[in-house]
Amino acid sequence: MSTTTSPDHRPDHRPDRRGPHRSSRLGRLVAGATAAAAFVALSGCSAVGAPAAEGTTSVDYWLWESLQLPGYQKCADAFEAENPDVTIRITQYGWADYWQKLTAGLVAGAGPDVFTDHLTKYPEFVTRGVILPLDDFEATADIDPADFQEGLAELWKGQDGKQYGSPKDFDTIALFYDEKVLSEAGMTPADLEGLTWNPEDGGTFEEVIAHLSVDANGVRGDEEGFDPTNVVTYGLGSNGAGDTNGQTQWSWLAGATGWDYTNAPVWGDEYHYDDPRFKASIAWLFGLVDKGFLPSYERVGTAPNLVQQLGSGQAALTADGSWTISSYARLQGVDLGIASVPIGPIGHPVSMYNGLGDSISAQTDAPEESARWVRFLGSDACQKIVGDEGVIFPARPAGTDAAIAAFADEGIDVTPFTDLVADGDTVLFPVTNNAAEILSIMRPVMDGIYIGSESVDSLDAVNRRVNGLFD
């Protein structure tokens, strides 16, 4: 992996996390997101940008994250200034509505020209012929993978060798915590550095989780008399059971054993859910429930919220994605800190490495103009604008560096996220066919293991069913 962080952003040069977390930039970001959310509440979506001027071509662009809306509107403004013959109209939906409306729109011919795409979705879009290869357009025919963080462009290359998405950002996993909670436990941020984990006894990571767990009588999980059935603060928050990729739930644990999702980095046709290393990782994680260190399935429900768990004091640590940094930074009364996920049996920490892309709809009436917009979205110019907003890590190194600087200005050290990429301590998101079918097989079983009604050995039969989809 190419290094994208300067020495000043390494762990030994961390900014003071006790400084102000809510500067004017974050205030403007929250205000913009609040206004967008209010518009969504009234209309079901947020549409930004004036109607196309006479003699110009409109390009409709859809995305799902309200916090990213202000940055991409700035990109649209910059693009229109350079391309006066094109008007960009941005529409934002919430995650669930986004995919429902996008799928319906692509089928009915009423969808966008360009949209934010996801690695779990685009293989089916390719199969159905509803997105176009970027290779077919002059503006996007020469996308160079070397212009982006290593490996991101390859994730969007179909089995036919064509490029179906232009990388827009990436995400990794790290641990969020409240420094006040650590202090109450007699700990400091330094105590979270260099933690080790293994699926046999949990290593020093489980020791920390145990100490941070507190029952209703104030007894900690590593003290005599701790009541695991009456816990007030769990050492580790829960984002549910996960399904096919377990991005925030277990990918960073299983990956640290040397386990891989499939038999190939991209477009594998054989899953490894029956691997003993995977089963041991899952058994350890959900075994924390009986110990009182992880909230139960019944406690978090079907829509768990890690940000809320940390903010309310229900959880002391949460393993979450870099796309949530701004949400954690907005928590009132929390002195936010971020630490690396623990070092696994393979000798270093591991995170899933995921990245979104921009795709062009096959139904677009403006294919060339759409390609020009996609090219700009993937340029240094746009990705620096987005990075300056301090919300996500753009896919180009210049955009990543801009985001690192923006977060640092807020007093937030994000190196636990970016060091994983710089050091190559990542596993790729599993891009395969049959994503929807695999999800329908895996979800109920993973939920059952979390609840306790299924054994991890049930993954043997599940894996055979999954791999049978590729026969």
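The predicted model contains 13 salt bridges. In one of them, K291 pairs with E206, and the closest N and O atoms are 2.7 Å apart. K291 is partly exposed, at a relative accessible area of 38%. E206 is buried, because its relative accessibility is 9% and the limit for burial is under 20%.

A second salt bridge joins R443 and D243, with 3.8 Å between the closest N and O atoms. It links distant parts of the chain: R443 lies in helix α17, D243 lies in the loop between β10 (231-236) and α8, and 200 residues separate them. R443 is partly exposed, with 43% relative accessibility.

K180 is partly exposed, at 38% relative accessibility. D178 is buried, with a relative accessible area of 7%.

Aromatic contacts were examined next. The structure holds 36 aromatic pairs. One of them consists of W250 and W259, whose ring centres are 6.3 Å apart; their planes meet at 70°, so the pair is edge-to-face. The angle decides the class, because planes over 60 degrees apart count as edge-to-face. Both tryptophans, W250 and W259, are buried. Elsewhere, one aromatic cluster is formed by F170, F176, Y328, Y353, F393, F407 and F417.

K121 lies over the face of W99, at 5.2 Å from the ring centre. R396 lies over the face of F148, at 5.4 Å from the ring centre.

Most residues other than glycine have a negative phi. W267 has a positive phi of about 60°, although it is not a glycine. This residue is found in the loop between α8 (251-254) and α9 (276-291). W267 is buried, with a relative accessible area of 16%. N434 likewise has a positive phi, near 65°, and is a residue other than glycine. Its place is the loop between β16 (426-428) and α17 (435-451). N434 is partly exposed, at a relative accessible area of 22%.

At the level of secondary structure, the protein chain comprises 18 helices and 16 strands. Helix α2 (residues 69-82) has 14 residues and should span 20 Å at 1.5 Å a residue. The buried residues of α2 include L69, G71, Y72, Q73, C75, A76 and F79.

Of the 471 residues in the protein chain, 56% are buried. Among contacts between residues at least 6 apart in sequence, 75% join residues at least 24 apart. The protein chain exposes about 18200 Å², of which carbon and sulfur atoms supply 49%.

Terms used: Residues are numbered from 1 along each chain as its sequence is written. This is a predicted model: local features need pLDDT of at least 70, side-chain atom pairs count only at pLDDT 80 or more; totals for chains, interfaces and linings use all residues. Side-chain values use heavy atoms; hydrogens and water are left out. Helices (H or I, at least four residues) and strands (E, at least two) are DSSP runs, numbered from the N terminus. Buried means under 20% relative accessible area, exposed over 50%, partly exposed in between (1.4 Å probe, protein chains only). Contact means heavy atoms within 4.5 Å. Accessible areas come from the Shrake-Rupley method with a 1.4 Å probe; for residues, only the protein chains shown count as cover. Rings of Phe, Tyr and Trp (its six-membered ring) pair if their centres lie within 6.5 Å; planes under 30 degrees apart count as stacked, over 60 as edge-to-face and the rest as tilted. A charge sits over a ring if NZ of Lys or CZ of Arg is within 6 Å of the ring centre and within 35 degrees of the ring normal. The expected span of a helix is 1.5 Å times one less than its number of residues. A salt bridge is a side-chain nitrogen of Lys or Arg within 4 Å of a carboxyl oxygen of Asp or Glu.
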